[in-house]
Every structure is written in C-alpha cells, then in structure tokens.
Amino acid sequence: IVKAVDKKFIASDDVTLREMVQNHDFYKISKMAKFSCKFTPQELEDRWRQILYDPVVAEYERPAQTQI
C-alpha cells in the first residue's frame, strides 16, 4: 500500500530527487530543488527510502521514470 505522501510525488519529482541526493542532504534538497509541490526534508527522505527499499514503490516508480 502506498502512503498518501507517495501520491504527491510525480515522476519528475523522483528524477529530481535521484539527481540531487547524490550531492546534497535532504534539508538542502527541500530548499534548492524545484518539485511539483513543497516537500519537507522528512518527506524527501521517506520517499528516497521507499524508492530504494519498498518493492511496491519501486515497481510504481519504474514505469513512470521511462516516460520522462
């Protein structure tokens, strides 16, 4: 089951998060990056962990990534 916070993330948000997380912490990402809406550092960290470790989110995110 995907939590409500996950539904706020769109594919371009995930791409931005992937690009930014390599060089910045979640606080900086929340302040610097352009997302579809405002995310807290905790929401970004939760989403990142879901992308990495949650098979349901990873499966949901994978097809959306190929459409960008």
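Arginine 49 and glutamate 45 both belong to helix H4, four residues apart, or about one turn of the helix; helices here are DSSP runs (H or I, at least four residues), numbered from the N terminus. The model is predicted, so local features need pLDDT of at least 70 and side-chain atom pairs pLDDT 80 or more, while totals for chains, interfaces and linings use all residues. Residues are numbered from 1 along each chain as its sequence is written, and side-chain values use heavy atoms, without hydrogens or water.

**Salt bridges**
- The whole structure holds three salt bridges, each defined as a side-chain nitrogen of Lys or Arg within 4 Å of a carboxyl oxygen of Asp or Glu.
- One of them joins arginine 49 to glutamate 45 at 2.9 Å, N to O.
- Glutamate 43 pairs with lysine 8 at 3.0 Å, N to O; this links helix H4 to helix H1 (residues 4–8) across 35 residues.
- Arginine 47 pairs with aspartate 14, with closest N and O atoms 2.8 Å apart.
- Because arginine 47 lies in helix H4 and aspartate 14 in helix H2 (residues 11–21), this pair ties together parts 33 residues apart in sequence.

- Arginine 47 and aspartate 14 are both buried (under 20% relative accessible area; exposed is over 50%, partly exposed in between; 1.4 Å probe, protein chains only).
- Glutamate 43 is buried at 18% relative accessibility, whereas lysine 8, at 33%, is partly exposed.
- Arginine 49 is partly exposed at 45%, as is glutamate 45 at 23%.

Methods: Helix = DSSP H or I, 4+ residues; strand = E, 2+ residues; numbered from the N terminus.
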